[in-house]
Amino acid sequence: MANTTTTTAPAAPMSPTELAEKLQSQQAPLLVDVRTPAEHESLRVPGSHNVPLDLLQKNKETLAEQFTGEIVLICQTGNRANQALQHLRAAGVDSARVLDGGVVALQAQHQHHTEQGRQRWAMDRQVRMVAGSLVLTGFLGSKLISPKVGYLAGAIGAGLTFSALTDSCAMAAALNKMPWNKAEADPTVEKLLAEIPRSTAIQAPRG
């Protein structure tokens, strides 16, 4: 008889209402916000820990060794949190769930469980704005200046296609380095592990 491998299905997304109820309980889950520091600073769930998606991806094994208990992954609308979920599952974490609809849905349904700071555009909105502007520039330039300017629109289209295929975004990475997207302090895994309450049995790795 051939050996069969049982794969644990990912837990269903957590609704904003379920999270709101858990936040009022004595055993609130560990909240991990995978957006950029600037986005986290603009709108966040109080008590959440900011671990940008790229940082989580690079350190998923370290985090997997430390994470215990229930974990809720948060982003703007849910897309990046689902990516983070896949990275953590690949590293052996099965206790993580995604906040359905992200912090935007939580704010809409349970605003008292969110907190606003300095307002900035969300990263996905910035990407759409820059990409759309470049495509429009290429189109108009090809009509008014030279047909060669139209290659700009083609380059952006190719870049977006590559981004979808590789599940990455070079434009977002570049925009994240812009001055308006800078927060007071960039998050680190060490800072996260030091901030998490000892009740979760998570301890910072010794150097």
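Predicted model: local features only at pLDDT ≥ 70, side-chain atom pairs only at ≥ 80, totals over all residues.
Residue numbers start from 1 along each chain as its sequence is written, and side-chain values rest on heavy atoms, with hydrogens and water left out. Local features need pLDDT of at least 70, side-chain atom pairs count only at pLDDT 80 or more, and totals for chains, interfaces and linings use all residues.

**Exercise 1.** Find how many salt bridges the whole structure has, then work through the pair R97 and E18.

*Solution.* Start with the criterion: a side-chain nitrogen of Lys or Arg within 4 Å of a carboxyl oxygen of Asp or Glu. Searching the whole structure with it turns up seven salt bridges.

Next, check the pair: R97 and E18 come together at 2.9 Å, N to O. They tie distant parts of the chain, with R97 in strand β5 (residues 96-98) and E18 in helix α1 (residues 16-23), 79 residues apart. Those elements are DSSP runs numbered from the N terminus: helices are H or I with at least four residues, strands E with at least two.

Now for the cover. Buried means under 20% relative accessible area, exposed over 50%, and partly exposed in between, using a 1.4 Å probe and protein chains only. R97, at 15%, is therefore buried, while E18, at 25%, is partly exposed.

Finally, widen the view: E18 and R97 belong to a salt-bridge network that also includes K22 and E70.

**Exercise 2.** Work out which helices the salt bridge between E39 and R80 links.

*Solution.* The N to O distance is 2.8 Å. E39 sits in helix α2 (residues 37-42) and R80 in helix α5 (residues 79-90), 41 residues apart. Both side chains' residues, E39 and R80, are buried.

**Exercise 3.** Locate I145 and say whether it is buried or exposed.

*Solution.* Look in the loop between α7 (123-144) and α8 (151-166). With a relative accessible area of 71%, I145 is exposed.
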